[in-house]
Amino acid sequence: MKLSNGFTRFWPSLLTVCGYAISLYLLSHILRTLEVGIVYAIWSGVGLAAVALIGVLWFGETVTLVKLVGLFAILVGVVLLNIAGRTT
């Protein structure tokens with residue numbers, strides 16, 4: 001989305017829209033078999049981690065201890081939601 005420059009550049013904008021469409025389509029299929037809370041936790045957790053990684057690798061963003069702790073907290077939250085979903 002950053003490369004689309006506020007959706008003013010065609011190809012990056014098209015890629016962003018297609019990426020979101022594919023993501024939501026796949027999300028709708030996963031929701032047929034798994035619990036909503038678990039699915040959204042995984043979807044948002046993986047999305048946040050992926051965006052953070054892309055920011056570091058492609059856009060030269062810095063990796064700080066606070067960012068790493070935040071990503072770790074998200075990972076722990078996703079794991080805990082998965083464990084809670086299996087025990088109920």
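F7 is placed in the segment before helix 1, helices being DSSP runs of H or I with at least four residues, numbered from the N terminus. The model is a predicted one, in which local features need pLDDT of at least 70 and side-chain atom pairs count only at pLDDT 80 or more, whereas totals for chains, interfaces and linings use all residues. Residues are numbered from 1 along each chain as its sequence is written, and side-chain values use heavy atoms, with hydrogens and water left out.

Although F7 is not a glycine, its phi is positive, at about 60°. The relative accessible area of F7 is 45%, and the residue is therefore partly exposed; on this scale, buried means under 20% relative accessible area, exposed over 50%, and partly exposed in between, with a 1.4 Å probe and protein chains only. N5 likewise belongs to the segment before helix 1. A positive phi, of about 55°, is found at N5, which is not a glycine either. With a relative accessible area of 51%, N5 is exposed.

S4 is also part of the segment before helix 1, but S4 is buried, its relative accessible area being 1%. When neighbours within four places in sequence are left aside, the contacts of S4 (heavy atoms within 4.5 Å) are with R9, P12 and S13. R9 is itself located in the segment before helix 1 and counts as partly exposed, at 43% relative accessibility. Not counting residues up to four places away in sequence, R9 touches L3 and S4. Between R9 and G19, which are 10 residues apart in sequence, the C-alpha to C-alpha distance is 16 Å.

Helix 1 contains 21 residues, which should span 30 Å at 1.5 Å a residue, and the separation of its end C-alpha atoms, 30 Å, agrees with this. The expected span of a helix is taken as 1.5 Å times one less than its number of residues. P12, S13, T16 and L27 are the buried residues of helix 1. Viewed down the axis of helix 1, these buried residues fall within an arc of 105°, so they line one face of the helix; the arc is that of the directions from the helix axis to the C-beta atoms. F10, W11, L15, I22 and Y25 are exposed on the other side of helix 1. The packing partner of the buried residues of helix 1 is helix 2.

Two residues of helix 1 may be considered individually. S13, which lies in helix 1, counts as buried at 10% relative accessibility. Apart from neighbours within four places in sequence, S13 is in contact with S4, F7 and T8. S28 is likewise found in helix 1, where it counts as partly exposed at 37% relative accessibility. S28 and C18 are 10 residues apart along the chain, and their C-alpha atoms are separated by 15 Å.

Helix 2 comprises residues 36-59, 24 residues in total, and reaches 33 Å from its first C-alpha to its last, close to the 34 Å expected at 1.5 Å a residue. I38, V39, A41, G45 and G55 are the buried residues of helix 2. These buried residues pack against both helix 1 (10-30) and helix 3 (65-87). Just after helix 2, a positive phi of about 65° is taken by G60.

A nonpolar patch on the surface is formed by L3, L53, I54, L57, W58 and F59, which together have about 650 Å² of accessible area. L53, one of these residues, has its place in helix 2. Patches are made of residues with over 30% relative accessible area and no salt bridge, with like charges joined within 9 Å and nonpolar side chains (Val, Leu, Ile, Met, Phe, Trp, Tyr) within 5 Å. A salt bridge is a side-chain nitrogen of Lys or Arg within 4 Å of a carboxyl oxygen of Asp or Glu. Accessible areas come from the Shrake-Rupley method with a 1.4 Å probe, and for residues only the protein chains shown count as cover.

For helix 3, the 23 residues should span 33 Å at 1.5 Å a residue, which agrees with the 33 Å between its end C-alpha atoms. V78, N82 and G85 are buried in helix 3, and the buried residues of helix 3 pack against helix 2.
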